[in-house]
Amino acid sequence: MSLATDRECLARAFALARRVHPRATSPNPRVGCVLVKGGRIIGEGAHLGYGQPHAEPVALARAGARAQGATAFITMEPCAPFPGKRNPSCAKALADAGVSRVVCAALDPNPKVAGRGLALLRRAGAKTVRLPEFQTDAEELNRGFYSRMRRGRPWVILKAALSLDGRAAAANGKSRWVTGQAARAAVHRMRAELDAILVGSGTVLKDNPALTAHGAGRNPLRVVLAGRRPLPRRARVFDASAPTVVYRARTSAALRAALQDLARRGVGTLLVEGGPTIHAAFLRAGLVDEARVFLAPKLLSGALDPNAAPKIKTPRVARLGEDWLITGVLS
Ligand SMILES: NC(=O)c1ccc[n+]([C@@H]2O[C@H](COP(=O)([O-])OP(=O)(O)OC[C@H]3O[C@@H](n4cnc5c(N)ncnc54)[C@H](OP(=O)(O)O)[C@@H]3O)[C@@H](O)[C@H]2O)c1
């Protein structure tokens, strides 16, 4: 296959990396690499899973001796050697193979690398180029890795399933189910793509959730924020299906410390599922990076059972400036 421009080649490296499941390489980043010579791809690959070869050696193995004089397109700077590193250095592997030009989207945010991979290649005589227009793609591809390396805490996603009138549960606290089956299946897939999932003790006591991916993939680490009320030992969140950690973090500073501890455990992405008290605590502390809100066409105020709440059968949705208007006759 022939590729014309640097941008096309780097975009292909991103396509390879995006095909890898978001959690497969965690706590490592997802990386793709394409080796091009004379306008043709001579080798390409991605880091497919934690403990497996990095993208660059995969592409180099496919190219063999043809790598001499080739250009490498990589979604992130190749790693440099540092004390305690487990994998061989990819920058050195590229240099040893005689790659003469390296084009990458971003520097490695790991302070132990941060430019040293490209410097090693330049010392070996290779030309290095960064295409800054791909910086955002690089960060979006590995939200958790960037957050952990730059801020020492995970990328925090607030997830809520709400009724149209903004309620997370019916009047008696019942939240099974606010949303329908398709939304719940999407949540299970989401859990499998993220490193950890967090709830407050109120949700454990009220819902007794298992907080697993329900077969949609690998279970995330489960995190519970304990309060004054004791947590039942036999709660499903403490079953054997996945590990669970419990923090006492009543203040914003303690929440930050809990997030730092999670990052040290390799957690790059954290789904904060609620309930509303915990959502408020995270928002107050300024610790939410992204929101994923499911909106059910129901009105839960006053309803005792979310499954029997008044519902709009055929909702019409309009965008009004920055707001949404949802209208419809109740059934
Ligand atoms: N629709 C949804 O997306 C969704 C998701 C989850 C839950 N829910 C529903 O939400 C309800 C539970 O929500 P909730 O607001 O009562 O409970 P919650 O947010 O799950 O937990 C709040 C409790 O966590 C403890 N806590 C620990 N650290 C805290 C901190 N830093 N700040 C505040 N509290 C802290 C406190 O326990 P103590 O009071 O013991 O000190 C507090 O009462 C249930 O009805 C559940 O069904 C809905």
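Helices (H or I, at least four residues) and strands (E, at least two) are DSSP runs, numbered from the N terminus. This is a predicted model, in which local features need pLDDT of at least 70 and side-chain atom pairs count only at pLDDT 80 or more, while totals for chains, interfaces and linings use all residues. Residues are numbered from 1 along each chain as its sequence is written.

Helix 4 spans residues 116-123, and its buried residues are Arg116, Gly117, Leu118, Leu120 and Leu121. A residue is buried if 20 or more other C-beta atoms, placed from the backbone, lie within 10 Å of its own, exposed if 12 or fewer do, and partly exposed in between. Just after helix 4, Gly125 has a positive phi of about 100°.

The chain is divided into domain 1 (6-141) and domain 2 (147-327), with bounds that come from an automatic or database domain assignment. Taken over C-alpha atoms, the centres of domain 1 and domain 2 are 36 Å apart. Domain 1 gives 7 residues to the contact and domain 2 gives 9 residues; two residues are in contact if their C-beta atoms, placed from the backbone, lie within 7 Å. On the side of domain 1 that touches domain 2 there are 4 nonpolar, 2 polar and 1 charged residues. Here Ala, Val, Leu, Ile, Met, Phe, Trp, Tyr, Cys and Pro count as nonpolar, Asp, Glu, Lys and Arg as charged, and the others, Gly among them, as polar.

The ligand comes next. There are 29 residues around the ligand, and Gly200, Gly202, Gly227, Gly274 and Gly275 come nearest. A residue is near a molecule or strand if its C-beta atom, placed from the backbone, lies within 6 Å of it. By class, the shell holds 13 nonpolar, 10 polar and 6 charged residues. Strand 6 (155-163), strand 7 (196-200), helix 8 (201-207), strand 8 (221-226), strand 10 (269-274) and helix 10 (276-284) each supply at least two residues of this shell. Helix 8 gives the most, with 5 residues.

Two of the glycines that come nearest to the ligand, Gly274 and Gly275, are joined by a cis peptide bond with omega near 0°. Gly275 lies in the loop between strand 10 and helix 10. Another cis peptide bond joins Arg176 and Trp177, with omega about -5°. Trp177 is found in the loop between strand 6 and helix 7 (181-193).

The loop between helix 8 and strand 8 holds Asn208 and also Leu211. Asn208 is not a glycine, yet has a positive phi of about 50°; phi of Leu211, also a residue other than glycine, is near 55°. Which of these residues is buried and which exposed? Asn208 counts as exposed because it has 12 C-beta neighbours inside 10 Å. Leu211 is buried, since 27 other C-beta atoms lie within 10 Å.

Leu211 is also one of the residues touched by Arg222, along with Ile197, Val237, Ala242 and Thr244, not counting residues up to four places away in sequence. Arg222 lies in strand 8. Arg222 counts as buried because it has 25 C-beta neighbours inside 10 Å. From C-alpha to C-alpha, Arg222 and Ala169 are 22 Å apart in space, and they are 53 residues apart in sequence.
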